[in-house]
Amino acid sequence: MFFYTNHFLINTILNNDISKFMCIFQKTRLFIEKKKGFQVEAESLKNELNHNLHLLINELRLIVVYDVFNIDERLLERAITSVFSEPVTDDVTVETFCTTSLPYFAIEFLPGQFDQRADSASQCLKLLDPKSEAIIKSSKLFLFDDSVTEENLQRIKKYCINEVEAREKNMDILDASENVEIADILVFNGFIEFSEDEIENFRKTHGLAMSLEDILFVQNYFKNDEQRDPTETEIKVLDTYWSDHCRHTTFETEIEKVSFAPSLFQDKLQDAFNQYVELRKYVHGGKKPMTLMDLATICGKYERKSGNLEDMEVSEEINACSIFVDVDVDGKVEKWLLMFKNETHNHPTEIEPFGGASTCVGGAIRDPLSGRSYVYQAMRVTGAGDITEPVENTMEGKLPQCVISKTAAHGYSSYGNQIGLACTHVREIYHDGYKAKRMEIGAVVGAVPADYVRREKPTAGDIVIMFGGRTGRDGIGGATGSSKEHTETSLELCAAEVQKGNPPEERKIQRLFRNPEVTRLIKKSNDFGAGGVSVAIGELADGLEIDLNAVKTKYKGLNGTELAISESQERMSVVVAPEDVEIFIEHCRKENIEATVIARVTDDNRLKIKWNGNTIVNISRQFINTSGVRQKTNIKVNILETIRATSLLNLTAKDAKGLRKERKVLNLGNLFFATFAKILCAFAVKKLAKTNLQKHIESILSDLNIVSQQNMIEMFDSTIGATTVLMPFGGKYQLSETQASVQKLPVRNGYTDTCSILTFGYNPFISECSPFHGAQYAIIESMAKIVAVGGDYRKIRFTFQEYFEKLGKDEEKWGKPFAALLGALSVQNYFHLPAIGGKDSMSGTFKHLNVPPTLVSFAVATEKAYNIISPEFKKPENHIYLIKHKPDKFGNPNLNQLKEVFNFMVENIHNKKIISVFTCQFGGIIEALCKMSFGNNFGFDIHTQENLFCYNYGSFIVETEQKLTFEHANYLGKVADSFIINDEIIDKTACLKAWQS
């Protein structure tokens, strides 16, 4: 074994004397270690290992290793202190082989996985010397004190090495050779004559996401239409096109019959279903199949047909929601396009947290970016199991919850911070169901002057240009992988599915698309999301001829199939007229972006892909657009069968989790419905007789879904771009949580007061009891948060994220998303505020575990910045009110009353009578009062008989300098210096400590 035992700082190199090293510069190794006082990462990892693995490591040294090949000695001399290290903070050692007896191991990326550190170093070398052909590989070396035993070293390796992306590095090897053997494209001889059993075996053997019916449909097409056997690439391309991720197979399944189990909820469910049927008649005469997709989009189609959705941009490009908004710029009103999108990377983040989460935000960005907008605002909403669970309790085939959560946060923040995106609202939701598969959602907003954007249908002869980052094996099969159920083997077999984002490259595209001379050349654009070349370019026109030999690659050895389906965040494709090709490529060159002509538009309605002179894909567009065999299902909505621990009224959060683990299903019949309104507001409620008020408040504030997430939130840059209106925390002490992301629109030259507001709503504990109610309250929560910061709810447009278990053929499982979408429809239809976008992910299953029924509502609205308010209490002696929403006796929201409440709130915030607001969420009234107090170190003196711990969704705690006269305004008391409830003094310091625990 080789290593070094002492630091050997290369003073000779720093003094420009490199002669003694010249013999090794064609093949050398650099060790870069932080000096004492700067070893933050090493110290943090040591503490993490000691805590999670119950170790007593005294010393951990973390060294970045660069293997450098084919580098000029003078370039290396310059690069050591300008590329590979910082002289102030780093010690550098140049050695090829050294020895040590101390415990150690090194980690490197798997072959084919993108190494951003090495790539960045290579690009920096080219800045120093454009002729440089140096090859760089990076790794990390971990060196421990001799108290670490071999057994503990193996435990540490298992903890640190995620086999999806990395492996242990053999430090004996210093080699840059690449495997350049390129696999041929197979033709599946005999495919069209396979029996049904042989076809099913073929489907399983090749790990296809499509169903048996789909692959039989493919067989019939090639046998009768093409009269030939398919190529490997054709099968993979169709599998990608027809994946649930790309073509929403589950959501497009035809619903033949719907039934509702008898219950006191049946009338509400039936009423919502009747509304859906009436909307179908009006929109398309009920002629289209009934599907979850139809149910999810019908309100938007109704509002548009009724003339109530004139702000929505309508075009063939549907990568992001797009609405027209008025923006004041230096006193003049300009027409802009506001684009927003939510994106999930649940599957990739579950198996490779850093890469999955980083490409979640990258994927969210690329959709509105492809629409030519500048993305300036981001939100992150995640779902995890108990991150305090001991690592040793981790299920087989899973990464520890704490590792997933922490590493994913690093991945998302790393990408967002590098690309320069303000992320002002970050929240993680905790529920045991997310141990089945993590939830990782990014939501972003972009904007662009409307006259920058050209939308035209491509015509024969138009040229497709591909530009941005190079293609690698990372991201291959990401669309189909995200459509599959997670299994114990996913960590071993899914390495290539996780993309490796390159934020600096995507940032170049952002700069490019801010130039109207560029955007006005583009007829149509698409990002390289799920499906890579085959889908990103394939969706641009009905007829295309694609040349894969034009694709620039990260390394040698990729064959045609890999080139066709590899995904990426930092690549884009555009259609331009032939005469605009050279000028577009020149604009790319100015931004240091590689661009190449990759395809031309034809008029034969076929997708043709060539590689090495051979046609490896030649499929009818009509056949591709079938999206496979439309599946059919019946649906039974049975809320009783979804109830877990319905007696939450008198349970602590821990008790509720215990009941869920035992998987008790309580058939409470009408008793359940009679108390559902109370259940909705029963989070972590003990009878106060069982405990004192102080301890109960501390218990609430320290619950995972209420406790401060400031350490995670502050990993994200909330100020970049100078558009931030509300910081993540308000008040003098920056401790009052803001409930929305608010950013001014990104006007480049001038001043604007127009801002966009982005919020979310979702509670998994309501949704697991009733997906119908869960969706209703998700929408209401997102609306209430818009109102709470000063936005006008009447301007809202929604986009939803659906995330459910694998449905299979189970009618009652299908009833869960159906019930959720019915609940969403009832609220949208009442307020005439439609969802104009969304994302579905229907693979949240691991063995016997399922994610909770999840419909997250994202709400977007524009407002003037002078109407925006922050949540912290402003001044002692100001009045505190509860503006209360009262659900009906069955827990259904009172929409008529909510409309009155929202109107009152908007009017009185805009006229400055209400100066701070917090809308109730997981911890109810007490959470709102405490969090409003923390920011300026104030308190409250209230007298009330209200249940302080109810959810109370749709209700608001408000601060005002004058008395309010409103039917639903309940006076609580005044802002004070202390915490006082019904004359009982509460220890404010202990409450803050509990919240920050």
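Two strands count as paired if DSSP finds at least two bridges between them. With that in mind, welcome to this predicted model; the legends below go through it view by view.

**View 1. A five-stranded open sheet with mixed pairing.** At the two edges lie β23 (741-744) and β26 (835-841), each of which pairs on one side only. On average, and ignoring direction, neighbouring strands here are turned by 15 degrees against each other.

View 2. Strand β25 covers residues 797-803 and strand β29 covers residues 854-864; the two run antiparallel and are joined by seven bridges. Which residue of β29 stands opposite arginine 797? It is valine 860, a handy pair to look for when finding your place along these strands.

**View 3. Helix α29 packed against helix α30.** Two packed helices are described by the angle between their axes and the distance between the axes. For α29 (residues 771-788) and α30 (residues 811-831), the angle is about 40 degrees and the axes are 6 Å apart. Because of that angle, α29 is oblique to α30. Their crossing is right-handed. From α29, the contact is made by Pro771, Phe772, Ala775, Gln776, Ile779 and Met783. From α30, the residues taking part include Lys816, Ala819, Ala820, Leu822 and Phe831. Sorted by class, this contact has 11 nonpolar, four polar and one charged residues.

**View 4. Helix α30 again, now with helix α11.** Here the packing angle is about 5 degrees, and the axes are 9 Å apart. How do α11 and α30 lie to each other, roughly parallel or roughly antiparallel? Angles under 35 degrees count as roughly parallel, so that is the term for α11 and α30. On the α11 side you will find Leu292, Leu295, Ala296, Ile298, Cys299 and Tyr302. They meet Trp814, Pro817, Phe818, Leu821, Leu822, Leu825, Gln828 and Asn829 in α30. This contact divides into 12 nonpolar, two polar and no charged residues.

View 5. Which side chains make polar contacts with that of asparagine 319? One is serine 370, at 3.1 Å. Another is asparagine 526, at 2.9 Å. Leaving aside residues up to four places away in sequence, asparagine 319 touches Lys341, Asp367, Ser370, Ser525, Asn526 and Asp527.

**View 6. Helix α13 packed against helix α14.** Helix α13 spans residues 353-370 and helix α14 spans residues 401-419. They pack at an angle of about 40 degrees, with axes 7 Å apart, which makes α13 oblique to α14. The crossing of α13 and α14 is right-handed. On the α13 side, the contact is made by Pro353, Phe354, Ala357, Ser358, Cys360, Val361, Gly362 and Ile365. Among the α14 residues taking part are Ile404, His410, Tyr412, Tyr415 and Ile419. By class, the contact of α13 with α14 divides into 11 nonpolar, seven polar and no charged residues.

**View 7. A seven-stranded open sheet, also with mixed pairing.** Its strands come in the order β31-β33-β30-β34-β32-β35-β36. Where are the edges? They are β31 (914-919) and β36 (984-986), each pairing on one side only. Neighbouring strands of this sheet are turned by 30 degrees against each other on average, direction ignored. Helix α26 (residues 693-701) packs on the sheet, where it touches β35 (979-981) and β36. The direction of α26 makes about 35 degrees with that of β36.

**View 8. Strands β30 and β34 of the seven-stranded sheet.** Strand β30 (residues 879-883) and strand β34 (residues 969-976) run antiparallel. How many bridges join them? The number is five. Look for tyrosine 881, which stands opposite tyrosine 971 in β34.

Methods:
Residues numbered from 1 in each chain as written. Predicted model: local features only at pLDDT ≥ 70, side-chain atom pairs only at ≥ 80, totals over all residues. Heavy atoms only, no water. Helix = DSSP H or I, 4+ residues; strand = E, 2+ residues; numbered from the N terminus. Axes fitted to C-alpha atoms, helices over the stretch in contact; angles between N-to-C directions. Parallel < 35°, antiparallel > 145°, perpendicular 65-115°, else oblique. Left-handed = near helix turned anticlockwise from the far one by under 90°. Contact = heavy atoms within 4.5 Å. Nonpolar A, V, L, I, M, F, W, Y, C, P; charged D, E, K, R; others polar. Polar contact = N/O pair within 3.5 Å; in protein donor to acceptor, adjacent residues only side chain to side chain.
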